Amino acid sequence: MADLLRLLLRVAEKAANVARICRQEAPLFQLLVQEKIGEDKNKKFVQDFKTLADVVIQEMIRHDVRVQFPEMAGFIHGEESNKFENGLGESVTVTVCNTEEETAKLLATVLDGDQMAASLLARAVHQDPATIEASTDGLTVPLKPSELGIWIDPIDATSQYIEGREEVLEEGRLSPSGLHCALVLIGVYLRSTGEPVMGVINQPFNNKDPAGRGWRGKHFWGVSCGSINICSESRPRDRSEGQRGLSVVLSSSEKQPVKEALTAVCGPDKLMYASGAGYKILCVIQGLADAYVLSEGSTFKWDSCAPHALLRALGGGVVDLALSLQQSESGAQDPRTELTYHLPRADRKGADRWANHGGLVAYRDGSQLRSIIGALQGKL
């Protein structure tokens, strides 16, 4: 399945190009924003936005995967509905067509006849990016496309993407908010068990070109299948004596009892806050935090599938917090508490069917996970 990984790296970079173009063109960006309503609205935020960039990216990834791996066509899932309403109140189903011209024509109907904007987007969708550097040669994964499904989050941390605050990232430091929190997430899971086996993360706004040529991105990837565990990120080195101590990243809106319980095991200076579920898990992958704890069911399968695969490749994982608390009295780490990605909740509707209802803990080290679960026992 090295071919699938190479394809996902390529389409993730195409997606990043679309995200960057949509921010570069201010009039275009104003046209793109629409509020999510009804069953698709994420209840955690007062306003959660859908952008045409979201939908175009999702449908582009779906199109490109379907062309190369037609047996996956019915198992490519995304966050967004591909129905979009234009300024005339007309509902348009956004798809990626076979040619740039056809896609531009379709997008023009969403953009109220703005041919220039539509052509710009269509060109980004149909243009292959420069070669992606990734050490995938010789990678052999004993899986068939017909055994796999995909979760796409076209732009995670949409609110940060829309707000557009620019931050300079410092090596080895977590930066809590800004454009860098917006990520393209593509996760691959086993249809039979729901295990995440491959993940690609693209950070479109990682750093600015000093020559003034705009933003440059960065990609991360991982494969975890049986005895095969490979990740573009290395396992962080053991910290020195003075740097030891559990560090946890949270949402600023996390419940006070959770903050207090974790302060008791981390110390107040080791609790950090950041935007975007995908970015917080990426911080764990990069070793900027030891764990990410969320007590609410406000994340979804598309948020966690891709980074979960990378954490598995590094020896960690993402568990259901509520299940873990229920089972912690046994004293054993139960692999059945790990999140899975193949089954919706039959008792829920809309996006809620795919929520991680029990909250989650993303971790790199099992002993640290047990410390966190122990600290939260009886607090929720």
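In this predicted model, G149 stands opposite Y189 in strand β7. Residues are numbered from 1 along each chain as its sequence is written, and local features need pLDDT of at least 70, side-chain atom pairs count only at pLDDT 80 or more, and totals for chains, interfaces and linings use all residues of this predicted model. Side-chain values use heavy atoms, with hydrogens and water left out.

Seven bridges join β7 to strand β6 (residues 148-156), and the two run antiparallel; strands and helices here are DSSP runs numbered from the N terminus, with at least two residues (E) for a strand and at least four (H or I) for a helix, and two strands pair if DSSP finds at least two bridges between them. Strand β7 covers residues 183-190, and eight of its eight residues are buried, so the strand is largely enclosed by the rest of the structure. Buried means under 20% relative accessible area, exposed over 50% and partly exposed in between, for a 1.4 Å probe and protein chains only. In a regular strand the side chains alternate between the two faces of the sheet. Here L183, L185, G187 and Y189 point one way from β7, while V184, I186, V188 and L190 point the other way.

From β7 the chain can be followed through a series of hairpins. Six bridges join β7 to β8 in the antiparallel sense, and the bridge partner of L185 in β8 is I201. Five residues lie between β7 and β8 in their hairpin, where G194 in the turn has a positive phi of about 80 degrees. Strand β8 (residues 196-208) then pairs with strand β9 (residues 215-225), again antiparallel, over eight bridges. The hairpin of β8 and β9 has six residues between the strands, and G212 there takes a positive phi near 85 degrees. G222 in β9 stands opposite G199 and also opposite C231 in β10. Strand β10 (residues 228-231) pairs with β9 in the antiparallel sense over four bridges.

A further sheet is open, with five strands in the order β12-β11-β13-β15-β14 and mixed pairing. Its edge strands, each pairing on one side only, are β12 (271-273) and β14 (317-320). Within this sheet, β13 (residues 291-294) and β15 (residues 360-363) pair in the antiparallel sense over four bridges, and L294 stands opposite L360 in β15.

Twelve of the 13 residues of α9 are buried, so the helix is largely enclosed by the rest of the structure. Among the buried residues are W302, H308 and L311. Just after α9, G315 takes a positive phi of about 95 degrees.

Finally, the nonpolar cores. Such a core is a set of buried Ala, Val, Leu, Ile, Met, Phe, Trp, Tyr and Cys residues joined through side-chain atoms within 4.5 Å. The largest has 64 residues, of which L4, L8, L52, L148, I150 and Y161 touch the most other members. Helix α1 (residues 2-24) supplies the largest share of this core, 13 residues. A second, separate core of 39 residues includes Y189, A277, A306 and L360.
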